[in-house]
Amino acid sequence: MSIFHMKFFRFFGFKKKPSAPWSKYYNKNQMDLEIPNQSLYQYFIDCALKHKQLTALNYYGTKITYKELIKKVDDCANSFLSLGIRRGDVVTICMPNTPEGVIAFLALNKIGVISNMVHPLASENEIKDTLIDTSSVMLLLIDIDYTKIKNILDSTEVYKTIIVRASDSMSFPYNFGYKVTSGYKTELPYRDNKYIYWKDFIKLGKNFNKKKNHFVGGKNTPATMLHSGGSTGSPKAIVLSSGNFIALVEQARIVFEELRKGDKCLSIMPIFHGFGLGVCVFTPLCLGAECILIPQFKASDFDKILMKHKPEFVIGVPTLFEAMINSPREKKIQLNYLKYAISGGDSLKPSLEKKINEFLHQHGSSTRIIQGYGMSECLAAVCLGLKNIPKKGSVGIPFPGCYIGIFSQEDKQLPYGQEGEICISGPNVMLGYYNNEKETNLALHIHEDGNIWLHSGDLGTMDENGFIKYTSRLKRLIVSSGYNVYPSQIEAVLEEHEAVMLSSVVGIKHEYKVEVPKAYIVLKKGYRESNKIIEELKERCKKNLPKYALPYEYEFRKSLPRTLVGKVDFRKLQQENKEIRMRSRHG
């Protein structure tokens, strides 16, 4: 089913409301969630106008009010129009968490343009591929990535690249310090017809005179693209609608009942990920919160960030909270201001959950950490634990208006307590994968009830009260420090080497990162393991993969184990590695 047919079915398809044993925790009006038929830009504006004088973005000493943010977004939209960008185009945003990335995301939606969010640590070839695959015509780029793209743009449709310096929005002391310590090292392009710097770009919008530049889009209009491996483990571009973002905000109004206008949210999760863009930026902005933008996370600095900003709302991966409890300055940390501590993006081990809750209590907080669950295909969040009902090992109950079921391989709903695939239905679910009807149909199924269900590729159970427990991954996806790592992508890079006949990449446990990729390699006849081959493989990976996806270990074998149908048995490799590590630990 194409994205067009999927949108058609959402409007006219017959649907039977799924069962919802968790509905007892919401009232009827909350369960019957109404999503305004607006673009995410117009929804944001309607919200922002209610608290114009409050701080919207806080970035290295620079505070931008909602009134100022609206003006910056409108100027940015005009700047894009002045450079020829039109409705339906795709513009790639390759940025960390800076005001420019947020402003551009909102501005592009205003004029009906799809933003393609890309990881700044992506490799040269990854950036090139996504520019080509999405037919991007313009690129917003952080300055440190210029060396990656300077030789590839001629093979893409990009006709203009906007260069953003990390210091552009910093206050003077930070701006000066950045330029002295880091900025001078960065190679930058000359101003010409291919490149324009952010400050010059914004001036175009201020001088651009056009009576109407506001695209009035509905909730089912494509808004942005994020990247994920989906249920099959190969990278794909996820098309999310304005309604996906708006639904998340409407759900947050209900779920985060203690959050107030002016509260601070630590926006530490990256905007190129659904967790960061949807949960940590767009939602807080629409709720009148102050987003503290952190472009680069260092575990050693997390305690300092907490003590400086005192955020009421902290959302992150388990490794972030682990850094908090292991702080060498933990005696100085006071957390009496903290209302919500939410862990997502990866499993939170019960032992770590216990340690975090003890830490929170010992440092003055009345809250406890709660787990959430989601995936990029549903804007990273569909399920969350309840603060007042502790459920050990649970990721909580579905958000109001969202439905989760546990299904068999035949798309049959399973009884409570029985393990099956976690499937999601509701306003959070993506439109589909960009230009990939085959993968869209593998992920989105129309079940007997007439609803579209997203198949997560994750296994779990549900109890009689609707609490979900995640058990394991059905798909071959490695999550390292909250980042998705795709084994098939690494294998493709390794097997391009002339000496490699076969490879298999699996996730192995890591004390801090939770998982890291390990590469098993079989060499072709006539080749032997050598330092030269290992170094060549490492260099090849550095060239073609983001840093977080680089293999942590390499192991050469004469052959790899196979399943009964002849596929490489990666689960057996994982088990063998686990047994070897256990033996070495005990003896």
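Predicted model: local features only at pLDDT ≥ 70, side-chain atom pairs only at ≥ 80, totals over all residues.
In soluble globular proteins, nonpolar side chains tend to be buried together. In the present model, the largest nonpolar core comprises 144 residues. Within this core, the residues with the most contacts are F44, F80, F282, L285, M324 and I424. For one of them, M324, the contacts beyond four places in sequence are with F302, L306, I333, L335, I356, F359 and L360.

Three cavities of 30 Å³ or more were found in a search of the whole structure. The largest cavity holds about 70 Å³ of space. Its lining consists of E353, R368, I370, Q371, G385, L386, I389, P390, K391, S394, G396 and F467. Five of the lining residues are nonpolar, four are polar and three are charged.

Two or more lining residues come from each of helix 13 (318-325), helix 14 (350-362), strand 22 (468-473), strand 25 (500-510), strand 26 (514-523) and helix 18 (570-586). Helix 18 makes the greatest contribution to the lining of the second largest pocket, at 10 residues. By class, the lining of this pocket has 16 nonpolar, 14 charged and 11 polar residues.

Note on methods. Residues numbered from 1 in each chain as written. Heavy atoms only, no water. Core = buried A, V, L, I, M, F, W, Y, C linked by side-chain atoms within 4.5 Å. Buried < 20%, exposed > 50% of the residue type's maximum accessible area, 1.4 Å probe, protein only. Contact = heavy atoms within 4.5 Å. 1 Å grid on protein atoms, 1.4 Å probe; cavity = no way out; pocket = protein on both sides within 12 Å on 5 of 7 lines; lining within 4 Å. Points joined across faces, edges and corners; volume = space filled by probe spheres on them. Nonpolar A, V, L, I, M, F, W, Y, C, P; charged D, E, K, R; others polar. Helix = DSSP H or I, 4+ residues; strand = E, 2+ residues; numbered from the N terminus.
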